[in-house]
Amino acid sequence: MEIRRYVMGEVMTNTYFLIEGKEAIIIDPACKAEKAISLLEGYELKGILLTHGHFDHLKAVDGLYRKYQVPVFLHKEDEFLARDKYAGAIFGMSAYISCPTMPIKEGKMSIGSFEFETIYTPGHTPGSVIYVFEDDIFTGDTLFHLSVGRTDLVGGNERILRDSLKAFRDFKKDYRIHPGHEAETTLEFELQYNPYL
């Protein structure tokens, strides 16, 4: 599986294109839909995964859905953030979705030729999740390099986030960590140096 990271949008959000042969899925499309569509040229989009419902992680969703009619996966607890222009806004900036979404359930999932595991990690938002693919974890705004997601926004809860972070201690091998913002890292490094872990 090939992973392509693009830093996009007003708050420098990491958008990930996962490529397997000619199939693709997108995690957190933060750009304008036209940009995402141009990057998909030559590939068949199979689905969109959202780590949570904040505006900066879903900007291209409606446009991509209109063109490709693929499933959009979002945890039900973050529907109110993703669909309300103001609830998911940050720094006065906002975006929201109107397309249908598929509810995320914890455990193993598959989209096209992609197989992965979804783990529920609330705290940054009520419906935050992480996605585990082979040797890679896409953490959204739950875990960053040497930090974690803020909990002072709508629906955030520091105590719940601290409980969610315990999941990272249970992994049995080193993973590459692909966060929603800033630099990529490894689980081994974060377990050793991240003060929140």
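A cavity here is a set of points, on a 1 Å grid over the protein atoms alone, where a 1.4 Å probe fits but cannot get out; grid points are joined across faces, edges and corners, and a volume is the space filled by probe spheres set on the points. The model is predicted, so that local features need pLDDT of at least 70 and side-chain atom pairs count only at pLDDT 80 or more, while totals for chains, interfaces and linings use all residues. Residues are numbered from 1 along each chain as its sequence is written, and side-chain values use heavy atoms, with hydrogens and water left out.

One cavity of 30 Å³ or more was counted. The lining of the largest cavity consists of M8, G9, E10, V11, M12, T13, A30, F55, D56 and K59, where a lining residue has an atom within 4 Å of a point. By class, five of these residues are nonpolar, two polar and three charged. In this scheme Ala, Val, Leu, Ile, Met, Phe, Trp, Tyr, Cys and Pro are nonpolar, Asp, Glu, Lys and Arg are charged, and the others, Gly among them, are polar.

The largest pocket, an open set with protein on both sides within 12 Å along at least five of seven lines, holds about 170 Å³ of space. Its lining comprises 11 residues, and D56, I90, D141, R150 and H181 lie nearest the centre. Five nonpolar, three polar and three charged residues make up this lining.

Salt bridges (a side-chain nitrogen of Lys or Arg within 4 Å of a carboxyl oxygen of Asp or Glu) number 11 in the structure. One of them joins E10 and K59, with the closest N and O atoms 2.7 Å apart. E10 lies in the loop between β1 (2-8) and β2 (13-20) and K59 in the loop between β4 (44-49) and α2 (61-68), so this pair ties together parts 49 residues apart in sequence. Helices (H or I, at least four residues) and strands (E, at least two) are DSSP runs numbered from the N terminus. Relative accessible area, computed with a 1.4 Å probe on protein chains only, is classed as buried under 20%, exposed over 50% and partly exposed in between. E10 is partly exposed at 43%, and K59 is partly exposed at 32%.

A salt bridge also connects R176 and D136, at 2.7 Å from N to O. R176 belongs to strand β13 (residues 176-179) and D136 to strand β10 (residues 136-140), distant parts of the chain 40 residues apart. R176 is partly exposed, at 45% relative accessibility, whereas D136 is buried, at 3%.

The largest nonpolar core contains 29 residues, of which I48, V61 and L64 touch the most other members. A nonpolar core is a set of buried Ala, Val, Leu, Ile, Met, Phe, Trp, Tyr and Cys residues joined through side-chain atoms within 4.5 Å. Two or more residues of this core come from each of β2, β3 (23-27), α1 (33-39), β4, α2 and β5 (72-74). Beyond its neighbours within four places in sequence, I48 is in contact (heavy atoms within 4.5 Å) with I26, P29, V61, L64, V70, P71, V72 and F73. A second, separate core of 15 residues includes I27, L49, Y131 and F138.
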